[in-house]
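My notes on what I looked up follow the display.

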Amino acid sequence: MVREAGDVWCWGQSEDGEIGQGVDVPSDTPQRVDGLPPMQDVFMGGSHTCANEPGSGNLWCWGSNAWRQIGLDEGRNVERPILVGYGGRVFDVAIGTRHTCAALTHELGTAVRCRGSDLEGQLLRLPMEADGTVEIPVPRPFAISAEDKATCVATEGGVFCWGRLLGHSPSGSRIYRTETARVDLDATDVGVGRGDVTGAGAECAVVSGSLHCWAPSVAPTERRVDGLSDVTEYRTRYLSACVRAGGRALCRGANFAGQLGDGTTDERERFVPVVGLGDIASLDVGERHACALDTRGRVFCWGSNMYGQLGVPGPDQRTPVRVELPDSE
């Protein structure tokens, strides 16, 4: 998370250095990431992390670089933050397991640029620039999101998605989505899941307070998710999803580690309120846990604590626990 002073704090698994403390240095309590100027936002994915500076939009990243998703040619892990060039001022970042995409502004307008693995169409099979990035041909972007091997971006011309394995041909060869698929929606936020946790599809967008989803394809058909209103934020990863709706956190899907925060481990086929949380300002979802920042600046997490990802020592939690953050230096 990023605190008011701009310092970044991370906790949990660190097999590839993704919490900025070195490789294989996990922590079940928050640790400050050193070597950074004041930051605006932090973006986390499978095994690497990025954060952007306010004003300049300079992007810093650390963690796994096995697929050059951070940008170093050597493919080695990055234990401490390094400055990464995308040719503009980055305002949003989507992090998959093996790729990174940045939405940015530059002197000629806006762009979405990606780097890393292109095994399943994450880079649309486009030729790389000298810096290892490819520019995705989409209109002016507003928000961007990625899961393991797919990306969606909300733009002024609709929502565009690409990447992931769609299925197999009659001969058994794999079919990847290597062209952008457009959904005609005026969206303000997007989210990409691995599976259909909403009952309407794995790729979703927030449109005028409602959530619309569709199954990944080359010609998607969207539909509205029932039972939700005043939605302003949607987050998903693996087999669960959460929304911020009317200032509240509601979650749906798999719940084997308590990652829905409803006090049970029962799978839910509709969005249910997270127990014990007041109004929240933002939220995020990991593979088996979730966290939220409330309007008083406090952080709460729930779900699996196998790798210390709740920020407090102890077992899994079926309801939110508060993460105690040290005083900023």
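**Entry 1: disulfide pattern**

I call two cysteines a disulfide when their sulfur atoms lie within 2.5 Å. A disulfide is a covalent bond between the sulfur atoms of two cysteines. With bonded cysteines counted along the chain, I read the pattern as 1-2, 3-4, 5-6, 7-8, 9-10, 11-12. My search of the whole structure returned six disulfides.

**Entry 2: ground rules**

I am working on a predicted model, where local features need pLDDT of at least 70 and side-chain atom pairs count only at pLDDT 80 or more, while totals for chains, interfaces and linings use all residues. I number residues from 1 along each chain as its sequence is written, and side-chain values use heavy atoms, with hydrogens and water left out.

**Entry 3: overall build**

I counted zero helices and 28 strands. Both are DSSP runs numbered from the N terminus: helices are H or I with at least four residues, strands are E with at least two. The radius of gyration is 19 Å, close to the 20 Å of the globule rule for 329 residues, so the protein is as compact as a globular protein of that length. That radius is taken over C-alpha atoms, and the rule is 2.2 Å times the number of residues to the power 0.38.

I boxed the C-alpha atoms along the principal axes and got roughly 45 × 45 × 40 Å. Of the 329 residues, 55% are buried. Buried means under 20% relative accessible area, exposed over 50%, and partly exposed in between, with a 1.4 Å probe and protein chains only.

The protein exposes about 14100 Å², and carbon and sulfur atoms supply 46% of that. I took accessible areas from the Shrake-Rupley method with a 1.4 Å probe; for residues, only the protein chains shown count as cover. I also looked at contacts (heavy atoms within 4.5 Å). Among those between residues at least 6 apart in sequence, 44% join residues at least 24 apart.

**Entry 4: Cys 50 and Cys 61**

I found a disulfide between Cys 50 and Cys 61, with the sulfur atoms 2.1 Å apart. Cys 50 sits in strand 4 (residues 48-52) and Cys 61 in strand 5 (residues 59-63), so the pair ties together parts 11 residues apart in sequence. The S-S torsion is about 105°, so this disulfide is right-handed. Cys 50 is buried at 0% relative accessible area. Cys 61 is buried at 1%.

**Entry 5: Cys 101 and Cys 114**

I found a disulfide here too: the sulfur atoms of Cys 101 and Cys 114 are 2.1 Å apart. The pair links distant parts of the chain, with Cys 101 in strand 8 (residues 99-106) and Cys 114 in strand 9 (residues 109-116), 13 residues apart. The link is right-handed, at 110° about the S-S bond. Cys 101 is buried, with 0% relative accessible area. Cys 114 counts as buried at 0% relative accessibility.

I then asked which residues Cys 114 touches, not counting those up to four places away in sequence. Its partner Cys 101 is on the list, along with Thr 100, Leu 123, Gly 132, Thr 133, Val 134, Ile 136 and Trp 162. I also checked Ile 95, 19 residues from Cys 114 along the chain; their C-alpha atoms are separated by 9.7 Å.

I found Cys 242 joined to Cys 251 by a disulfide, S to S 2.1 Å. The link is right-handed, with 100° about the S-S bond. Both Cys 242 and Cys 251 are buried.

Cys 10 counts as buried, at 1% relative accessibility.

I traced an open sheet of four strands in the order 25-26-27-28, with antiparallel pairing. Strand 25 (280-285) and strand 28 (317-323) stand at the edges with a single partner strand each, so one side of each has no neighbour in the sheet. Neighbouring strands are turned by 20° against each other on average, direction ignored. Axes are lines fitted to C-alpha atoms, for helices over the stretch in contact, and angles run from 0 to 180 degrees between N-to-C directions.

I looked at one pairing in detail. Strand 27 (residues 299-303) and strand 28 pair in the antiparallel sense over four bridges. Two strands pair if DSSP finds at least two bridges between them. Phe 300 stands opposite Arg 322 in strand 28.
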